[in-house]
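Hi everyone, thanks for making time. I'd like to walk you through one structure today, so please have the sequence and the view open.

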Amino acid sequence: MTMKTFKQHLKEASMWDWIYKKNKGVFYRGVGRSGKGTGLGALGKGVYITWDRGMAQAYAKRQGAGGEVKEYQLKRGLKIVDAGGMGQPDQDFIDAKAEMGFAPNQFSDDPMFAGALTMLLKKKKFDGAVSDDVAIGICIFDANNLKEIK
């Protein structure tokens, strides 16, 4: 029996379903002493989390002294759009970006960009977005869909 590669898994199931199952719904976020993250805004406005503890650790370190990794349990059954990254994004994501005048892989660090993208994706009934680029990670639009694991 051969082991499946990460890419094969992504092709077969939706990337989001696979990541959720693999992590059993537990995700990480690197925060500073204030409890805030860096929030890039590339996937919209919300809480940025990752499936990779090491990446969360790197973000926590960038926040300076007192930075830490928080663990979250994510609600089951959320509708998450695939924002691509290395792979191809979902058509819904491409369409939302096009409505804003952006190519699928373009983004702006302007908070207006994140707000508009979130609004368009929420209109399509999405709860968040996921990138296959671990440094960008996952954006959950509504913090009530996350519960910190103490």
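Let me begin with a loop: K125 sits between α5 (111-123) and β5 (128-130). Its phi is positive, about 70 degrees, although K125 is not a glycine. K125 is also exposed, at a relative accessible area of 62%. Please keep in mind that this is a predicted model.

There is another residue of this kind. K24 lies in the loop between α2 (15-22) and β1, and its phi, near 55 degrees, is a positive value in a residue other than glycine. K24 is exposed, with a relative accessible area of 66%. For a glycine example, look just after α3, where G64 takes a positive phi of about 90 degrees.

Now let's go inside. The largest nonpolar core has 17 residues, and those with the most contacts inside it are W16, F27, I49, L74, V130, I138 and I140. Two or more residues each come from α2, β2 (47-49), β3 and β6 (138-140). The largest share, 5 residues, belongs to α2. Take I138 as a way in: leaving aside neighbours within four places in sequence, its contacts include W16, F27, L43, V47 and V130. Apart from this core lies another, of 15 residues, among them F93, L121, C139 and F141.

On to charges. How many salt bridges are there? The count comes to 5. One of them joins the side chains of R53 and E71, at 2.6 Å from N to O. This pair links distant parts of the chain, with R53 in helix α3 and E71 in strand β3, 18 residues apart. Both ends are partly exposed: R53 is at 38% relative accessibility, and E71 has a relative accessible area of 25%.

K70 makes a salt bridge with E148, where the closest N and O atoms are 3.5 Å apart. K70 is in strand β3 and E148 in strand β7 (residues 146-149), so this pair ties together parts that are 78 residues apart in sequence. Is K70 buried or exposed? K70 is buried, at 19% relative accessible area, while E148 is partly exposed at 28%. E148 also forms a salt bridge with K150, the closest N and O atoms being 3.6 Å apart, and K150 counts as exposed at 85% relative accessibility. Together, E68, K70, E148 and K150 are linked in a network of salt bridges.

K97 belongs to helix α4 (residues 91-99). K97 is buried yet has no salt bridge, and the nearest side chain of opposite charge, D82, is 11 Å away. What does K97 touch, then, beyond residues up to four places away in sequence? The list is F102, A103, P104, N105, Q106, F113 and L117.

Terms used: Residues numbered from 1 in each chain as written. Predicted model: local features only at pLDDT ≥ 70, side-chain atom pairs only at ≥ 80, totals over all residues. Heavy atoms only, no water. Helix = DSSP H or I, 4+ residues; strand = E, 2+ residues; numbered from the N terminus. Buried < 20%, exposed > 50% of the residue type's maximum accessible area, 1.4 Å probe, protein only. Lys, Arg positive; Asp, Glu negative; His and termini not counted. Salt bridge = Lys/Arg side-chain N within 4 Å of Asp/Glu carboxyl O. Contact = heavy atoms within 4.5 Å. Core = buried A, V, L, I, M, F, W, Y, C linked by side-chain atoms within 4.5 Å.
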